[in-house]
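Have a look at it first, and then we'll go through some of its side chains.

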Amino acid sequence: MNSRGPMITVHMIPTGQTREIPKPNTVRQLMNRLKLRQMDALIIRGDEMLTFDRSINDGDHITVRLVGSRG
């Protein structure tokens, strides 16, 4: 654990942003911190898509793939 406390790395697609944020306990908490609704994005860890009730671990690298309409 680092001096800032538990952190995760979030990669936003398609914006290309990468940022470290304090570790949320669940995917739902992550979405709330990012101000996203359930239908706004897919949350991916490695090759696994995560549901809202899944836990997030310190040091996780999470991909947030935005899926909103571009019409």
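This is a predicted model: local features need pLDDT of at least 70, side-chain atom pairs count only at pLDDT 80 or more; totals for chains, interfaces and linings use all residues.

Residues are numbered from 1 along each chain as its sequence is written, and side-chain values use heavy atoms, with hydrogens and water left out.

Let's start with the salt bridges, meaning a side-chain nitrogen of Lys or Arg within 4 Å of a carboxyl oxygen of Asp or Glu. The count comes to 3. In one of them, Arg45 pairs with Asp60 at 2.8 Å, N to O. That pair ties together distant parts of the chain, 15 residues apart: Arg45 sits in strand S3 (residues 41-45) and Asp60 in the loop between S4 and S5. Strands here are DSSP runs (E, at least two residues), numbered from the N terminus.

How open are these residues? Arg45 counts as buried because its relative accessibility is 16%, and Asp60 is buried too, at 11%. The cut-offs are under 20% relative accessible area for buried, over 50% for exposed, and partly exposed in between (1.4 Å probe, protein chains only).

Asp40 also forms a salt bridge, with Arg37, at 3.2 Å between the closest N and O atoms. Here Asp40 is buried at 18%, whereas Arg37 is exposed at 62%.

Now for Thr63, which lies in strand S5. Beyond its neighbours within four places in sequence, Thr63 is in contact (heavy atoms within 4.5 Å) with residues including His11 and Leu42.

Technical notes:
Helices (H or I, at least four residues) and strands (E, at least two) are DSSP runs, numbered from the N terminus.
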